[in-house]
Each structure stands twice: as C-alpha cells, then as structure tokens.
Amino acid sequence: MRLVRRFGPAALAAGLALGCGGAFAASAEKGKAAYIQHGCWQCHGMQAQGGPGPKLAPDPIPIETFTAFVRTTNRAMPPYSEAILSNDDLADIHAYLQTIPKPADYKSIPLLNQ
Amino acid sequence: MARKQPRPEVSRRKFLAGAAVAGATTALAPPVAKAAATDGSISAPRRPSALPPTMQVAVAETATPKELPRIGGVPGSDFMVDVIKTLDIKYLPSNPASSFRAIHESLINYGGNKMPEFLTCAHEESAVAMAHGYFKVAGKPLMTLCHGTVGLQHAAMGIYNAWCDRVPVIVVGGNDLDAAHRPPGVPTIHSAQDINALVRDFTKWDDTPVSLQHFAQSFVRAYKIAMTPPYGPVAISLDAGLQQEPIRNNGEKLYIPRHVPTSPPQGDSGAVKEAARLLANAQNPVIVADRAARSENGVRLLVELAEILQAQVIDQGGRMNFPNTHYLRRPPTAVGNADVILGLELTDFWAIANAYIDNGEHGVGVNTSRIKPETKLISINASELLTKANYQDFQRFQSVDVSMPADAEATLPALIEAVKAAIPSDRKAAIEKRGEAARKAYAEQRERIRQAAALAWDASPISTARMSMEIWAHIKDLDWSLVSVSGVGFNWPNRLWPMEKHYRWLGASGGYGVGYGAPASVGAALANRDLGRFSVNIQADGDLMYAPGVLWTAARHNIPQLAVMFNNRGYHQEVMHVQRLSNFRNRVANLGNDMGPIGTSIQNPDIEYHKLAESMGWWAKGPIKDPAQLGPALKEAVAVVKSGQPALLNVWTQPR
C-alpha cells in the first residue's frame, strides 16, 4: 500500500526541515520495511507497541519532533544520522506509525480484567 | 598425597592396581620409545610432554572395569556419606565422573541414594544452577559433585551466578592429588594441584581435606559458612585417594562435628537508631529493596516498615521483596523526589542514586545523578561483609550516610521498633497524608500498565503482554511460582500478575550468566514439587540453548513445570548493542539474511524447541504464532503438568 499524505502546516514545515522541499509522498508500506531494516523493532516492538523503548504508536509524535529526536536523541536511544537513515526513510517510518490503529480499551479485554 | 602414617594392608594403590594394568603397560612405553630414538634406528618425532591418552588408558577410563580384588575394611567415602547425611541435604544434582566414583558409589549403595538423592545432570553448569534455583524456593542448600578440572570449569559460570546472587551451593570437586600413584593419561590430565583456585575468587570458602576427620570438619564448616548471610557458594576439593581408601585405625575415633546454624548479622544498635531518626523525620522517604526478603516473614516485615512510614517502596527484583499489589509499590523513578533512601541488600547502590546512559560521545557512557544532592542514603547490606578484589560484582563505590554491614531481614525488626519510637507525634498527620497520595498514584499506575498491555494485543508473533495474561488465566487459581528470570526481559508478569508471596518471584541469576534460566527453573520446580506448588517457567530461547540437557533431567526425575518459550529468535540484548554501535559509527548494521545484526539472531533455521523437549521426554507443542491458539494449548499443557510431568509450549513472541 502506498499512501500519498496531505500534510497540514506542521507537517509541511517538517518536510521542509527534512530538506525534501514542498509536498512529498511518504509511504507507509516502505516505512514498515524501513522500520524493520533499521532496527526500530528491536526496542519498540514489531507494532511499535514499546519494549525496552517507549511505544511509538498509535498517535506518533509530530514528525518534526520525531525527526529531531531520532537525529539527536537525549537518552537511551542511539542517534540515527542521515547517513544511515535517510530523511525519506524517516518520513516513511512516520507514515507507517500513523497507520497503526489504536488498541482496544483494556477494559474490553477480558484477560486484562481478571 | 604424601602419607606419613603406615599404610594399611589393603591400600588404595593395590586396589587400583587391577584397574591400572593398562596404565602400567602405558607407563613402560616411554622408556622403550626413548631407547628407540637414541640408537638412531627410528627417527621418532618429538612427543609433547603432556601426552594424550593412549588407547589402553582410554579403555581403562571408559570401558567396563575388569574383575578386581575386593577391598577390605570400611571405605572412607562411607564415612563421608555419614557426614553429609547429618546436614539434611535432600538432593545432589551432578554429572558423573571418575574422580568422585568412590563417594558416588557410597552415596547410592551405602547411603541408599537418599538424603541426598543423586539427580543425573547432563552438564555441571546445570547442576549448580539447579541447586541455585532450588535454594531460592526451599531455603536449603544442595550439594553437587563435579570432576575436578574439566567439570569444575563447566560449573564455574553457575558458581559465579550463585556468588553474585548470594546463594549457597556446596560444590565438591573430585581430584586425584597423588601424582606418583594416580592413573596416567586422562585421570592425570583431569587432576590439578589446587582445583579450588579456579573458583576461589567467587566462593566464600574452600578447602582440600587430607584426612577423613579433616573432611568431616571441612564439610560441616563449608555448610555453616555457605548458610551464614551473606550466603554464598563454597568448594571442597575431594582427593580420590581419600575417598577410596578404607578407614584406617590410627587410634583416633572419627567424629562428626555438630552443625549449629550461625545467627545472621544484625545492624549496630547506634546505626539502627540513626537510620530510624532520618526515616522518621523525612518528608519523602523511599525504600529500595533488592535481596532483602528471603522468606514470607521478610516480606511481612518490609510491608510493616513501609506502612509505618507510608514510604514508597521500589522492588529491584533480586527477590520478591514487596507485594506488587500494595499501594506503596512504586517504579524506580520514585527516588527522584526522595529526601531519604533506605537501601536494603542492594546489588548496586550507585545505580540507585545515579544513571549511566550508554549514549555519550563516541559511544562512551554518561553519568547523571537521579537524586537530589541533599538526599540522605542509608544502606543495610550483608554483602559488605564479603568483598573480594578480582571480580567486579561489588559495583561502583557509593558513599552513604549510614552504612550497616548487616543482614536486612534480620535487622528489620529492630529498625521497625526504632522507627516507631522515633516518629514525632506532630509528623503523624503528614505521614498519613503521604499514604493518600501514594494510593492515588498507585491506582493511576495500574491503569497505565493495563492500557500498555493492550497494545499489539492481537499481534503475531505474540505480544509478551498477551502471552503473560494467557498464562495467567490458566494458573491464577493454583498455588503458582514463577521459576524463570524472563520477567527481566519484558517484565509483564511482575507488572500484571499479583505477587504477594515470596515464592511467586525468585529473582534473576545474579551474575547474568546466560544459561542459568533453564536449569535454575528445574531446580526451583523440584523444590516446588515437594511443596505441592505449580511451577511456571517463561523460558528464553537463547538461554535454553546453552545446556538443553536439563530438560532430560527434569523428565528423568519427574520434575513437573510449565515451560512457555519466550522465543524471540535472537540474543536480543546483543541485537540492540550491535545496532547501537553501528549507529555511533555511522554505519548501517549488516543484517545478513536475518532480522538482527549478523551474529545476534537465532533463526535460519528456526529451532523447534517443542521437538527438542519432546525428544527428552516432555509433552510439547508448537510453534505457536497465533495468539488465538495459545489459550487452548495452555489448557492442555497445564493438565499435563498437573499430572506430574513437564510440558513445553514453543511460542513465537515479539522481541520483548
């Protein structure tokens, strides 16, 4: 599945910040592959649910914050420079994270209410 | 070993003579070879000084022994069994070896294979880890026998785990000291001057008894030292000659020293009073416990202290110290607002007060403080009584304001009374208010944990939260005990299962030597079997592959447990380490054909753990990747375990 996203002003600003210029297409399908290839799953889980690292989805942080964090980080996560994770891949990963649906309310899951 | 006293008529050496006929033949060989070389007729290559075993020696070691002349008198190893039996040691997990064949024979024939019962193990590391896990449930130590050199080398990692985890294990290594009389070849390769040197840095005490009376004193002393807090492993080198020779009449009657348990060391009364004063007057005291509670009473005492102070408690998980259902239980971040921190049997107080972030320049870590500068620190820790230099398990040095080198559980009653006496009457309302805030924070925390568990609920491979709760549904009405350490990896059972009794959670390995989990779970399950409890093991895949033979030991000795594979198909900690370093060096991690960086995955081919377990006598099923299939499989497996047999489910999981 390839998604062409329409970005609001914040996302457009992020796109400019990423150096892509103007509107650009981000692919959730590519993003899912990049998420695996670049090892995001190792700490954040195959569905970005979290593990040693925090959950990334649903409701990922805005792309500009996301990008700034991935490039520099501040704590346990190793930074990913543009040399090893391109801006396009990063945008795709963010697009993938946006497609991950919200979980059910735990109150509706019997096993979590034993 | 030199013998100063006259030898008995039937000596060990004569006894050995029959068995060593082949060895004697071998002994003649070198001079013949030398003669041939010196007359120049044969150009023999130079032979190494340490010869590999000849065929004759190998046969003598491995083949059925020839008919031997019968030994007279009472074997010395029978007396050793008499000594061992006074100490109420129930089991002896061990891998058999020639260097302790005499005491092995005495244990199963003279001793009737009871107290202790020999449990056949496929690896010495497994035997030690079984003893480790057993103690954490039963509170009683086991002994193990191992071959003096190669066997002890196998056992060493297990012993180091026990050392770091403050667990008593009595390790007896067979060794043939008498270089002039021991069989040549393999038995000599497997002998050493001082086998205990290998593990001296991480055992509390060791000895090499040279007489039977010396053995009696050493063994009782070893038991006593191992069982005095801080607990720890001990080692005895047991000479093959001493085991095999008959008891000699030296005019001295052998006796067995009486064992009287040593009382655990308590904190100095002045230090207890000062600690109580600081805690009673604190605005926000926090208790951090690691290996504080070793019994139900220890848990009860800690709850009492926390409630008197309405102090938040962080359980580091070295043991099950504090119920996770209690409103005062808090996550590690709670130290940030503390003005007084009481550390109980902490592995690493420095890491409570500080954080190390593996994310600095060039991959070098950064240290930051996690507490306020004025926070007062109190430590009660028996490990301060037992520090050695070489291995660094003592961690970084942390200055504290009150330091008690004492056993926490033994000191808590005095501390509780001192705190009660020290609380000013005008502080009681503030303390009560602290409790109200803690109740609210606890309730919010529980909500967050459950909502986090709902993430990826239907994922395949199965989420670790889902797996944990599927298991819980089948064990919650049983008297269960989680005998694995996999909670460290993803921690869901510790967050979601109500843990109120000390045997619900046993803590980790101590030394973090991978390979501990499977055998320790079998040892713990053995103790639980005898206590009528149901054992659950969430078994990490990489851990099991170190020494999977322990699965056979469990089946062979009817040790039931429910093992659910936490099969994430990788050495996951290392997956992340290599990724981290790749990032620091601005290089894309090379995955090869796997998902993780080369060298860190356990896939291609995927290991069929269910078939592995089945081949060793377990009921097993898998691989299970669909979460909907897990519940029905668990139902079947639990029924098998209830019938007294071990069962394993191979579950493919999310990474953590």
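Helices (H or I, at least four residues) and strands (E, at least two) are taken as DSSP runs and numbered from the N terminus. The model is predicted: local features require pLDDT of at least 70 and side-chain atom pairs count only at pLDDT 80 or more, whereas totals for chains, interfaces and linings use all residues. Residues are numbered from 1 along each chain as its sequence is written, and chains are lettered from A and ligands numbered from 1 in the order in which they are written.

In chain A, helix 2 (residues 28-37) has Ala28(A), Lys30(A), Gly31(A), Lys32(A), Ala34(A) and Tyr35(A) buried. A residue is buried if 20 or more other C-beta atoms lie within 10 Å of its own, exposed if 12 or fewer, and partly exposed in between, with C-beta atoms placed from the backbone. These buried residues pack against helix 3 and helix 5 (87-99) of chain A. Helix 2 and helix 5 of chain A pack at an angle of about 105°, and their axes are 7 Å apart; helix 2 of chain A is therefore roughly perpendicular to helix 5 of chain A. Axes are lines fitted to C-alpha atoms, for helices over the stretch in contact, and angles run from 0 to 180 degrees between N-to-C directions. Angles under 35 degrees count as roughly parallel, over 145 as roughly antiparallel, 65 to 115 as roughly perpendicular and the rest as oblique. By class, this helix contact has six nonpolar, three polar and four charged residues. Here Ala, Val, Leu, Ile, Met, Phe, Trp, Tyr, Cys and Pro count as nonpolar, Asp, Glu, Lys and Arg as charged, and the others, Gly among them, as polar. After helix 2 of chain A comes Gly39(A), with a positive phi near 80°.

Between the chains, 29 residues of chain A are in contact with 34 residues of chain B, contact being defined by C-beta atoms, placed from the backbone, that lie within 7 Å. Helix 3 (residues 40-44) of chain A gives the most to the chain A side, with three residues. That side has 17 nonpolar, 10 polar and two charged residues.

In chain B, five strands form an open sheet with parallel pairing, in the order 8-7-9-12-13; two strands pair if DSSP finds at least two bridges between them. Strand 8 (312-315) and strand 13 (402-404) of chain B stand at the edges with a single partner strand each, so one side of each is left without a neighbour in the sheet. Strand 12 (residues 376-380) of chain B is joined to strand 13 of chain B by three bridges, and Ile378(B) has Val402(B) as its bridge partner in strand 13 of chain B.

Elsewhere in chain B, strand 1 (residues 91-94) pairs in the parallel sense with strand 2 (residues 117-120) over four bridges. Strand 1 of chain B is covered on both faces, with Tyr91(B) and Pro93(B) buried on one side and Leu92(B) and Ser94(B) on the other.

Most residues other than glycine have a negative phi, and most peptide bonds are trans. Arg166(B), not a glycine, has a positive phi of about 55° and is buried, with 25 other C-beta atoms within 10 Å. Phi of Arg569(B) is also positive, near 55°, and Arg569(B) is buried, with 20 other C-beta atoms within 10 Å. A cis peptide bond joins Ala57(A) and Pro58(A), with omega about 5°. Another joins Ser460(B) and Pro461(B), with omega about 0°.

Technical notes
Contact = placed C-beta atoms within 7 Å.
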